[in-house]
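Thanks for coming. I will talk about charged side chains and how they pair in this model. Please have a look at the sequence and the structure first.

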Amino acid sequence: MKKLFLLFLLLCMVSVYAQDPEEAKKLYELINMERQKSGLYEYKTDENMDKAAAVRAEEISKVFDSVRPDGSEIYTVYAENGIKVAYYGESIRTGYETASAMFNAMIKDPEDSSSILDIDYTHIGIGIYKNSKNTYWAIIYCSLAE
């Protein structure tokens with residue numbers, strides 16, 4: 001019983017991490033539907049974009065800022081994940097549990113909605129980090145460099 005209690009205590013001390021691919025996919029679809037309504041092409045995504053966004057989602061759980069916890073600029077997360085960018089941006093939010101709630105908040109925000117409908121971005125990555133305190137969303141946008 002004592003070992004079981006210690007294991008439980010240890011698990012409670014470790015933050016719970018979850019990257020939620022289903023919710024990320026739903027948000028990706030909602031964003032692309034909004035782009036289609038405006039006559040724009042769909043954003044493309046790939047594994048590297050999603051990895052970079054997942055890194056940012058975890059980072060904003062520590063320091064909620066568009067500057068990375070080590071003080072570097074956000075563009076460095078692209079290079080670290082093998083992505084060469086010409087133009088980039090980011091939307092970060094916390095406290096939304098579902099893709100629908102996140103999308104509704106983004107579309108009401110002039111800065112985030114302009115990123116959703118930006119004609120210069122071609123790719124998007126969506127990262128979600130959940131711990132025992134909150135849910136953190138990082139949406140990264142870019143146009144790839146030649």
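D109 is partly exposed, at a relative accessible area of 26%. Buried here means under 20% relative accessible area, exposed means over 50%, and partly exposed lies in between, with a 1.4 Å probe and protein chains only. The side chain of D109 meets that of R93 in a salt bridge, 3.2 Å from N to O. This pair links distant parts of the chain, 16 residues apart: R93 sits in strand 1 (residues 85–94), and D109 in the loop between helix 5 (99–108) and helix 6 (110–116). R93 counts as buried, at 15% relative accessibility.

Some terms. A salt bridge is a side-chain nitrogen of Lys or Arg within 4 Å of a carboxyl oxygen of Asp or Glu. Helices (H or I, at least four residues) and strands (E, at least two) are DSSP runs, numbered from the N terminus.

The model is predicted: local features need pLDDT of at least 70 and side-chain atom pairs 80 or more, while totals for chains, interfaces and linings use all residues. Residues are numbered from 1 along each chain as its sequence is written, and side-chain values use heavy atoms, leaving out hydrogens and water.

How many salt bridges does a search of the whole structure find? The count is 10.

One of them joins K37 and E34, with the closest N and O atoms 3.3 Å apart. Both are in helix 2 (residues 21–37), 3 residues apart, so about one helical turn separates them. K37 is exposed at 66%, whereas E34 is buried at 15%.

E59 and R68 also pair, at 2.7 Å from N to O. E59 is buried at 12%, and R68 is buried at 5%. Both belong to a network of salt bridges that also links R56, E80 and E90.
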